[in-house]
Amino acid sequence: MNYSEELKNMCEVKKGVDHGPAPIPEEGKWVKAKEIKDISGLTHGIGWCAPQQGACKLTLNVKEGIIQEALIETIGCSGMTHSAAMAGEILTGKTILEALNTDLVCDAINVAMRELFLQIVYGRTQSAFSEEGLPVGAGLEDLGKGTRSQVGTIYSSSLKGPRYLELAEGYITKIGLDKDNQIIGYEYVNLGKMMENIKKGIEPLEAIKQASGTYGRFNEAIKKVDPRKE
């Protein structure tokens, strides 16, 4: 290491205090993190690209500094879905520092990684106060039955009003309107359940029927409208 002459000519003054880093909460313990291997936790974060045409929700489960599990969910950009596929292969097995400095293909995913890194190293994880944290595999629980992301897609215009297209329950097939043409419920198909039914050998139309349901006061609706056509 090189030192300047000015520094070399100064007298040495001893440092009196060295209490180390402040402890942060990690998986039910207070940890003074000094190295990457001291970091553990599961958390989520959101990222976006520079033109803000798409966003990524990233979930990481980190054990002793190593990413053991990654869930990458994207919306709004077709290219980002392929970037997520590549990032899924890249992330696991890396340290969080490696992942922070790795090109994860898409700006939105890179930004999500940055936001997660800040949460994790500052002890702001979802599992900060959970003893031993969450097991590897817990990320799948975010998806629920059918292993699909929770998606909300609504289109609205001042001329024709709102159209529910997809909500947490599934793909919206009909919206129910009352006498004032206000939405009071909807009919949906849970696409995850539908695909599971088809894989079991159930005929497609029956598979759709078994995976369908209604929400709200749909059965009381005066008019039932296909939100994509009417």
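Author: Two strands are taken as paired if DSSP finds at least two bridges between them. Helices (H or I, at least four residues) and strands (E, at least two) are DSSP runs, numbered from the N terminus. This is a predicted model, in which local features need pLDDT of at least 70 and side-chain atom pairs count only at pLDDT 80 or more, while totals for chains, interfaces and linings use all residues. Residues are numbered from 1 along each chain as its sequence is written, and side-chain values use heavy atoms, with hydrogens and water left out.

The sheet is open and has three strands in the order β3-β4-β5, with antiparallel pairing. β3 (41-48) and β5 (66-75) stand at the edges with a single partner strand each, so one side of each has no neighbour in the sheet. On average, neighbouring strands are turned by 15 degrees against each other, direction ignored. Here axes are lines fitted to C-alpha atoms, for helices over the stretch in contact, and angles run from 0 to 180 degrees between N-to-C directions.

Consider β3 and β4 first. Eight bridges join these two strands in the antiparallel sense, and Trp48 stands opposite Ala55 in β4. The two strands form a hairpin with six residues between them, and in the turn Gln52 has a positive phi of about 55 degrees.

Strand β4 (residues 55-63) runs antiparallel to β5 and is joined to it by nine bridges. Asn61 has Glu69 in β5 as its bridge partner, and Cys56 stands opposite Thr74 in β5. β4 and β5 also form a hairpin, with two residues between them; Glu64 in that turn has a positive phi of about 50 degrees.
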